[in-house]
Every structure is written in structure tokens, then in C-alpha cells.
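Look at the sequence and the 3D view, then read on.

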Amino acid sequence: MSAPPTERVKPSPAGDEDLTRLRNADARRGRLVRGVMLAVALVYVSVLLLAPLAGIFIYALKSGLGTIGQTFSQPDVRHAFLLTFVIMAITVVVTTFFGVIVALVLARDRFPGKRLVSALVDLPLAVSPVVVGLMAVLLFGRGGWFEPFFASRGIQIMFALPAMILVTIFISIPFVIREVVPVLQELGMEEEQAAWTLGASRLQTFIRVTLRNIRWGLLYGIALSAARAIGEVGAVLIVSGTLTGKTETATLYILRAFDQYQDQQGYIVALTLATFSIVLLIGIETFKRRRTAEAD
Amino acid sequence: MPRWFKRRILAAPLVLSLIGLAACSSSSASGAAGCSSSSPAASPVVTLAAYSNPYLAYGKLISTWQSEWKDAHDGQLVQFLTSFGGSTTQAQSIINGLQADIYASSTAPDVQLVQDAGLITNDWQNAPEGSTVQSGSVVFAVRPGNPKHIESWNDLTQPGLQILTPDPAQSGGARWNIVAAYGAAMRGEVPGYAKNNPADAQRLLEGIFKNVTVMDKSANDSLKNFEAGNGDVAITYDYQVATSQAAGGEEELVEPPSTVQIRTPTVVVDKNAEAHCVEDITNEFVKYLHSKEAQDIFASTAYTRPIDTAQAAKATDTLPAVKDLFTTDDIGGWDALVNDTVFGPNGAFTLAFQSAQG
Amino acid sequence: MAAVVAIEQDAKRPEGRARPPSGAALRRWSLRGATFVYLGLFILLPVVAILQHGFGDGLANLKAALDTFGAKAAIRLTLEMAALTAIINGIFGTLLAYVLVRIRFPGRDLLSTVVDLPFAVPTLVAGVMLVALYGPSSTVGGWFEAHGIHIIFAPLGILLALLFVTLPLVVRSVQPVLLELDPAEEEAARVLGAGRWTTFRRVMFPALRPAIAAGCLLAFARSLGEFGAIVIVSGNRVNDTLTAPVFISQLLQPGHYGSTGGPDPAAAVSAVLFGLAFVLVLVTEKLVSLGKERS
């Protein structure tokens, strides 16, 4: 390369010729380097992410449509999917409802200890699902803090649906909040204030202005939350008791299928979850693009 | 009060009651307070928590028994909920509140755990056959052709060997394995280890556990791990190996000359069965497990041996004969083994494990 | 009518800012109340339960847990795997972010979507996928086994599972910052004769450093707790493939290798584990916000 750099200067119009020459010579090397980078990136992604996905497609479909039909006709498989769906639905409703409230508070309110609250929201991301199961055992298992309260009323929390829902909620709490807070912060309160000035009620403003403005971030958070809820396995493994046909989710079914030499069924159910996740993923991507597009 | 406020605070209890409803629905399924003596055609639900291995057998036993019961009881269909996992894990879950009415354990000590928690009140130890429903022996699963020439317990101590055995804290099967090695040594059936010599038994266990590389959470997991290509030998149940071979597994079974008879008890969890008003049904089912028909199903589906020790030592269609088949009673009984000689604070395994690890 | 009165009242306020209709304090406190109750019940309470059980008797439980067979090995393995994952994905994640931001090629959107795959796929399914591909009975896996490379039930399998799960964390951490970088600075450096690598090192990297660090820390923290993917691909082999979360699930059993077992030792180890991860997540947040302030 030619001119030795003595100080950093902005290129001036007079240096345009040099610039062009350098750029041309550079462009070729540049393309090569970029090509290599792109190739490496593509190979890494293919090997790490795509290949396993292809593997599961192949394995699940290897058995033929007959086995697939047979798997879905099994009552325990159907129940597992139903259970997964129910848990996901309740989790999403709870984490969305309260998540928006918490997001509003975090983005707009000011009080001592707000930092702590914000940190608390991030906590579930750091906790291993196994530990979440342990938390549930400590609270609701025999000898747990709340066990006498529920036991005396004949309400079954542990090894039943409620415990499974509670642990899934714990794990899913951060997603909606983390996605909505930055959106709220960027938006500020101008539009709401304008609405109030025009005489809109609080509820009207909330629905028509706030919710509308955060919708893509909110949907993104909901999609992440749903995906997480569907995929939960560590915590529910501990708290569910894995009663087939009663407390066995789709993920727990997969574990059992591989345990009991039913690999084919395991792959098929895993593939179903993967497919659903991918559809969810495309939804996430769409929401994300809309959110970033609107933020600009 | 502004409408938004009312809506907001109303929604919260709505959500909470959703959860409450879910709780109630699950609790009402598991039993109402007060049982009526005549439950007309209501579909009672029995929950079975079992150790990891016999899922096929219990599947068949349940469906067979269900239809027999239905015919004999006016069309009443008894529903079964089943859960399979490590025997000790299941025991712990039951203690923690899993509403199991029947516990199919792989070891008596695990049943003892549940009994100590006050959930079992029947005298299962003095029931017919000590409540044992399945029998087998502890064997070695090896690679085709037995490349490491494993024949007996002392062969497991050869340096560089990789052994798989489950985690004794979660799997009953693991403890059978340890007790088998201990017993064989104590009975003087292992070359190089003196009879009735606890120190020698400890030495054998230490040699074995120096070579143990994986401790899975259940006997089932352990064998699956072996089949996936890990290790040179897995210590496991003979009928577990037979099940795996029937499913296409390629491992070979090596029957040690001296080994313990695995006796797995299945017991009614009285407190839960009473709470769910299914004691009669569960008692009948457990009694059924000892019938010839059930034993035949166990033998054909789970490849287990006959319960009687002398019979069990003979070869079956799928399993070889055992030269010296002993029971835990022959080496002191489970109580002594668990609290003293093997798993106690100064037990052979406890000490062996600590020094093998160190 | 009331709205008009309210507006007139608002207009008379010295700040001149529009205030919401009446009941502000009540509203604020009910929102706060809901927040405190929600987070308190769902997050604070379980955490306190773990801390109380784990450290209620001082450090005895932690010591008992760490003395258990496999404890130190499990923790060491977990930390090693997490660190390796953070470093490898730190490099490749940054590379991917660069490719996605700075290079135009057909299928860029598709690549972006694929990178997010681990966010959507259940971790257990990720493990199953790895077993399907690299298990000894598959063609690919069989080839590796034949050449003495153990993937499933071996540390390499665990690493692959963790890399899978954490890749988007790094990419999505670096990407936004890269987007905001002005290429003009780099061009200036290039014009002045700086080589490609020097440009990266002196111009881009310092600006990206907080974001890359944040991504790596997140990947590390995530790896500490991963269970679903690992429970399938690892063989729980002590010193080799037994990780801390799986180990904790074992600790819950009674009579674990002579210890009293039960939840307390498990609680102690769990608290340490998630305490560490939590600190990392907080540091990450700080780094991200610092990065935002700088730009």
C-alpha cells in the first residue's frame, strides 16, 4: 500500500484518485475475504444448526407414513400434545397479562429499588430448569412451605398440572417483559399524552395507543414465551411424576419413548415439535422485522 | 372507580382461578373425601409407579387384568395411570406426594423408604413370597464375542476396563449390582477373594468402581448407554438384557457363576389407595401379579425367571442357568446390607467407593 | 363535561404537560402492586426458598454437596464447557453477525431466520436432533465412531448441544451494534493504509467489544444451566459428561453415596450455580447499556 499513514485524516476531495485506485485494488481482495467469511459462516451454520434438523427429518420420516399415523393415533401421544398445549396457553396468558403490567412499570415508573425489580425479571434466565423443579419441590412437595395449606384443602399441586404450569410460568416470565420494555422506552409517552389531551379515557388510550404501539414487540415476546413453554423439560420432569396419560407432556413423552425402545415414535413427536417451533420461528421473524421496521 | 381498574383487577383473579380449576380438576380425579361402599360403574383410577424396566410387562398385565375385572364386575373399567423411572426416584416422588396407589419397586429397601414415611401400612414383608413379583439375576452385558473375556466378578477389576452401572442413589438396580458382587465375594465364589472376608469384599468393590465410568439414573438408562457404544461391560439385570436383545440389541449376556437373585416387590401404597377409595381393587391387582397367568406374562414379556429360588437357578428359554444363585437373606438380609455391611457408614461399598474415587 | 373540566384544569397546571385523567396515584400503585405481587410470588419466593434451604444452616449443605462424588467434577466440567462454548460462539457468532450485516448475498434473510432456530426449538428436541445425526447408528455418526471420535455420550456431544443453543445469543448481541457502526471510519483507516486485520482490530473491535463480551457472557450463563439438550446427548459420565444441572437432579435423591441426600445440598449447589449465572446476566445488561450510551 502506498501513502504511509502519519495521522488520521478524513479523505479530502483532492484524494479521490488515490481512493479510487485503492478501492479497485482492494475490491478484489475484499471480495475474496468476504467470500471466505461467508463460506465459513454458512458451513458453521449448516453443520451446527441445519444438519441436525435434517437428521431428525430423515429419521422421523424413515419409518414411513404408516408409523407416523400410528404414533398420532396413540392416546398417550395425543394426550401429551394436548397437555403441552394447555400448559403453553395458560403460561402465555399469565406471562403476557402480567408481563405488560410489569413492562409498564419498569419503563415508565420510578421508585427506589426499581433496579432490583428489573434484575429480578432477568433471574429466570439464569436458573437451570432442574433448579426450578427443586424450587417447586421446596415449596409444594411434602414438607414444603405451602404443602400443608393445599393438602388440607385436598388440592394437588405437586405431581399434577398446577405445579407443571407454575414452573413453566417461572421460566417464561422474562420474555414478554424484556421485549416490551425497550419498545415502551423508545416510544415515550407523547402519543398517550396527546390522547389524554383529546379527552380519551385511560382504557381507551391503553388499548388504542399503547397496545397498538407495542404490538410487534409484544407478539415477539409472546412467541418466544410460547416456544419456551413448549420446550420445557427439566423442571416438568421433576415436578410431574411423569404419569403417562396424565402429567406427561410432549417433551416428557420423547424422553420416555427413547427410554423404552420406541425411538421411531420419539423422533416423530420430536419432529412435530420441531415443525411447530419452526412455524413459530417464522412468526417470530416476521414480528421482529416489523418491530425493527417500525422502530426506525 | 374507573372501568379500566375494575377490569384489570378482575382479570387477575380470573387467571388465578384458571390455575385453581386446574388444581381442583386434578385433585378430584385423584379422589374425593369419603368413599361410598358401592361405586356404581364409576371408572376408578389406579396409579402405578414402577421402576424403569417392566413397562411392557405391566402394560400387558394391566390390559389383561382390566378385561378380567370388567367381566367379573359388571362392566366396571378400572383405569390405570403409569409412571416408570428409577426405583429410588419413584420412592422419593411418592414420599414427596406422587399419588401412587401401587408401587412396583426393584428393591425392598426402596419400599422400606416409603413405609418409613408412613405411606405403607400393610405387612408386605410377610406377604406371600415377600411381595416379590419378578425374579432375575445380576449379569454382565458385554460386546459381541466378549472381547475382554469377562467371566466372573474379578474380571471386572482388570485395569483399563470401562464399566457401566447405574447410580445407587436413584436406581434400585444399582444396589442389586453391588450386593451381587459383595455376596459372591463373601460366599467365596470369586477367585482371589477369601470367603466371609469383608475386607476382601470391599477390595473387590473398590476394584470394580475404579473402572466405573458412567452412573446413569436408572437401570434402563444404563443399558441403553451401553448399547450406544459406551463402555466395555454393563452390570445389569438378566431380564433387562433379554428385553434389549429382543428389541435388536447386539450385546451378549454373561452369567457370573455366583450372583444374587433379584427379587422385585410390588406393594400397595395403603395411604394413597385408601384416600382414592381403591384399596380393594389394588389389593386384588397385586394378588393377581402372583398368579400363574401373571407370572407367565412376566416370563414371556419381561423374560423374568420363576420366583422360587431353586426354580430360578435353572435355565429359561432366554436365560442361562446360574451355578450359585443366592438371595439377600443368604448374606444377611436387606436391613443389615443397607444399614451396616454394604451401604452403612462403614459398609463395604461406602468405603470402597470413597477410596475408588480418591 | 368532566373531561373538559379536567382538560381545563390540566391547562392551568404550571408544567403545562398533559396529565392523565384523575386517579393517577391509585393507578400507579395498583400497577406497582400487581408487579410486586407477581414478581414476588413467582420469582422472589422460590429464590428465597432455595437460599433458605441451601444456606439456612450456613455452609454445611454446600460442603456436603461438594463432597459428594462427582460434584467437583460436574462443576468443573460445566464451567469448562460453558467457557469453551462462549469462546467458540463468540468467534463464530461475531463472524455471523458481520456476514449478516455487511455482506449482501441471496438468502441473507433465510440465514437470519436459521440463526434464530435455537430460540424456537425445544432444547430436548435439539438433543434428539444431535443424537439422530451423530448417534452411532446413523451414517454420519457411524463414520465418526469408526474413526474413534465419540460424539454422543461424549464431551463433544455436549459441546455441540451448547453451541447450538447459544449461537443466537451472541449473534443477536453483536448484530445491532454492528448495524450502528459507521463504515466511513473503516474506509478511512483502509485508505490510510491499514490492513484489513488492523482495521478490524483497531477500529471495529473496540466498538464491538462490549457487545461481543455481552454475547459471550450470555452464552456462558446459558450454558451453565442447560439441561434438556444435555440429558439426551451426554452419558452422565463423571469427569467426562456429567454436568452440574444433571448432577443436581441426582443430588435430590436420598442416600446419595452415603450423604443424607434430600433437597438441601442440592439447593446449596443450585444457589451457587444460578447466583453465578445471574451475576453474569446482570453484567451483560450493564455492558449492553454501556454500549448504548457510548453510541
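## Helices that cross

In chain B, helices H7(B) and H8(B) are oblique to each other. This is a predicted model. Two packed helices are described by the angle between their axes and the distance between the axes. For helix H7 (residues 219–227) of chain B and helix H8 (residues 238–246) of chain B, the angle is about 50 degrees and the axes are 11 Å apart. An angle of 65 to 115 degrees would count as roughly perpendicular, and one under 35 degrees as roughly parallel. H7(B) passes H8(B) in a right-handed crossing.

Which residues make this contact? H7(B) brings B:Ala219, B:Leu223 and B:Glu227, while H8(B) brings B:Gln240, B:Val241 and B:Ser244. By class, three residues of this contact are nonpolar, two are polar and one is charged.

A second pair joins two chains. Helix H5 (residues 129–140) of chain A meets H2(C), and the two axes cross at roughly 85 degrees. H5(A) and H2(C) are therefore roughly perpendicular to each other. Their axes come within 9 Å. On the chain A side, the residues are A:Leu134, A:Met135, A:Leu138 and A:Leu139. They meet C:Pro46, C:Ala49, C:Ile50 and C:His53 in H2(C). Seven residues of this contact are nonpolar, one is polar and none is charged.

The table sets out both pairs.

| Helix pair | Angle between axes | Distance between axes |
|---|---|---|
| H7(B) and H8(B) | about 50 degrees | 11 Å |
| H5(A) and H2(C) | roughly 85 degrees | within 9 Å |

## Chain C and its partner

What is chain C built from? It has 14 helices and zero strands. Of its 295 residues, 52% count as buried. Take the contacts in chain C between residues at least 6 apart in sequence: 74% of them join residues at least 24 apart.

Chain C also touches chain A. Here 76 residues of chain C are in contact with 84 residues of chain A. Helix H2 (residues 24–55) of chain C gives the most to the chain C side, with 15 residues. That side of chain C holds 59 nonpolar, ten polar and seven charged residues.

## Domains

Chain A is divided into domain 1 (16–58) and domain 2 (65–295). The C-alpha centres of these two domains of chain A lie 37 Å apart.

Chain B has two domains as well. Domain 1 of chain B covers 45–133 + 265–301, and domain 2 of chain B covers 136–263 + 316–357. Their C-alpha centres lie 27 Å apart. The contact takes 18 residues from domain 1 of chain B and 17 residues from domain 2 of chain B. Helix H3 (87–96) and helix H4 (108–116) of chain B each supply at least two residues of the domain 1 side. That side has five nonpolar, twelve polar and one charged residues.

## A covered helix in chain B

Is H4(B) mostly covered or mostly open? It is mostly covered, with seven of its nine residues buried. The buried residues are B:Ala108, B:Pro109, B:Asp110, B:Val111, B:Leu113, B:Val114 and B:Gln115. What covers them includes H3, strand S3 (102–104), helix H5 (172–186), strand S9 (258–268) and H13 of chain B. After H4(B) comes B:Gly118, with a positive phi near 85 degrees.

One of the covering elements, helix H13 (residues 333–341) of chain B, holds B:Asp335. The C-alpha atoms of B:Asp335 and B:Gln112 are separated by 9.4 Å. Along the chain, these two residues are 223 residues apart. B:Asp335 is partly exposed, with 13 other C-beta atoms within 10 Å.

## Two residues with positive phi

A:Phe159 is not a glycine, yet its phi is positive, near 60 degrees. A:Phe159 sits in the loop between helix H6 (147–152) and helix H7 (161–187) of chain A. Why does A:Phe159 count as buried? It has 30 C-beta neighbours inside 10 Å, and 20 or more make a residue buried.

B:Cys277 is not a glycine either, and its phi is positive, about 60 degrees. B:Cys277 lies in the loop between helix H9 (270–275) and helix H10 (279–288) of chain B. B:Cys277 has 18 C-beta neighbours inside 10 Å, so it counts as partly exposed.

Definitions and conventions:
Residues numbered from 1 in each chain as written. Chains lettered and ligands numbered in written order. Predicted model: local features only at pLDDT ≥ 70, side-chain atom pairs only at ≥ 80, totals over all residues. Domains from an automatic or database assignment. Contact = placed C-beta atoms within 7 Å. Helix = DSSP H or I, 4+ residues; strand = E, 2+ residues; numbered from the N terminus. Nonpolar A, V, L, I, M, F, W, Y, C, P; charged D, E, K, R; others polar. Axes fitted to C-alpha atoms, helices over the stretch in contact; angles between N-to-C directions. Parallel < 35°, antiparallel > 145°, perpendicular 65-115°, else oblique. Left-handed = near helix turned anticlockwise from the far one by under 90°. Buried ≥ 20, exposed ≤ 12 C-beta atoms within 10 Å, placed from the backbone.
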